[in-house]
Amino acid sequence: MRSFPVTTKEFTELVFTQYEGNPIVKHTPFSTVIADPSLLTPAETHDGKWHMFCHTLYNVVKTVSEDGVNFSRPEKVLPRGMRPNINRIGEKYYLYYERTQPLLPKAISMVGGKWYSEIYLTTSDDLVSWSKPIPIITKEKPYHTYEKGTSISNPFLTEIGEKYRLYYSAGLTYLEDCRFCEPTCISYAESDIPDGNFISQENPVITPDVNDPGMNRCAGCIKIYRVKDGYIGLQNGIYRTEKGDSMSAVRLLRSNDGRNFNYIKNLVEPGIFYEKTWMAQYVYACDLVYFDGKFRIYFNARDKANPLSGRENIGFTEAVLSK
């Protein structure tokens, strides 16, 4: 659970620059997707290295780096897993993730069957050996289920007050040009402990808004961080352009309580940078870190909507904190 030594205004004024060597973690020949990065910085790990957790089409994977730029080949951590969130609490590591169906039902869901996923947790003392996963948030509220099935995804843990608050995405909205679904809304659950007894809100806290040009299709997901004067949220809204194309960008939100949010600006938008098209149409889930006087937003992006030819990779953008 991270807090940053800046005010909302100071963070808003930061100038982020795309790393020229993006993408830094690329999909493999066996998966068209590597996505949803969640990181531990050297200050947060027992071995002083960067550890990035992310997912392929099939598994949660981990990759390690000395500098946060050059990462090792991803290695499998968990099967049936997506959208991980890694945290260090005391001397233990807590890995929350979206647990999907077994391979065959999951494959059937891709061609019109019902999707089903929930949030699970596994823990570790060394980032190598992991405990047996346990369910943390399961199907309970009406907004967890939409026409295309049940989806509880994109966990992100933080502390607000004396509670552990686990933000998550819920529901599914079908995007016609992609021919797959994205998370409809955002909610959270609270507990006194990080490994159970989470109670979800009765209703979502962020829902798509047809009048919001950056979130008129789906709410996507959100990551919440404490700053000196409250909380900032990094949300990837899904929107439809005037031409009818779906797109996604990372938006900066502000909140006093982590429940009511105000939009400030877009932080990372799709586009072509350094003549590379890897993030031309979608910028998806991200993680914000602060290390050695620099903020980095790690994110995954997609070049095109087409479900067969589109590819997702991971990169970062960086800003120096001037004092």
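Contact here means that heavy atoms lie within 4.5 Å of each other. With that in hand, welcome to a few close-up views of this predicted model.

**View 1. N313 and the residues around it.** Start in strand 23, residues 312-320, where N313 has its place. Leaving aside residues up to four places away in sequence, N313 touches P23, V25, K26, H27, I34, W278, F299, N300 and A301. One of these neighbours, H27, has its backbone nitrogen 2.8 Å from a polar atom of the N313 side chain. N313 counts as buried because its relative accessibility is 7%, and buried means under 20%.

**View 2. The largest nonpolar core.** This core has 38 residues, and those with the most contacts inside it are F11, I206, L234, L267, L288 and F295. Several strands each supply at least two of its residues, including strand 11 (149-160), strand 15 (185-191) and strand 22 (294-302). Strand 17 gives the most, with 5 residues.

View 3. Elsewhere, look for a second, separate core of 17 residues, with Y96, I137, I152 and F198 among them.

**View 4. A nonpolar patch on the surface.** Here L57, Y58 and L103 come together, with about 300 Å² of accessible area between them. Y58 sits in the loop that runs between strand 3 (50-55) and strand 4 (59-65). Is Y58 buried, exposed or partly exposed? Y58 counts as partly exposed, because its relative accessibility is 42%.

Technical notes. Residues are numbered from 1 along each chain as its sequence is written. This is a predicted model: local features need pLDDT of at least 70, side-chain atom pairs count only at pLDDT 80 or more; totals for chains, interfaces and linings use all residues. Side-chain values use heavy atoms; hydrogens and water are left out. Patches are made of residues with over 30% relative accessible area and no salt bridge: like charges are joined within 9 Å, nonpolar side chains (Val, Leu, Ile, Met, Phe, Trp, Tyr) within 5 Å. Accessible areas come from the Shrake-Rupley method with a 1.4 Å probe; for residues, only the protein chains shown count as cover. A salt bridge is a side-chain nitrogen of Lys or Arg within 4 Å of a carboxyl oxygen of Asp or Glu. Helices (H or I, at least four residues) and strands (E, at least two) are DSSP runs, numbered from the N terminus. Buried means under 20% relative accessible area, exposed over 50%, partly exposed in between (1.4 Å probe, protein chains only). A nonpolar core is a set of buried Ala, Val, Leu, Ile, Met, Phe, Trp, Tyr and Cys residues joined through side-chain atoms within 4.5 Å. A polar contact is a pair of N or O atoms within 3.5 Å; within protein, one must be able to donate a hydrogen and the other to accept it, and residues adjacent in sequence count only if both atoms are side-chain atoms.
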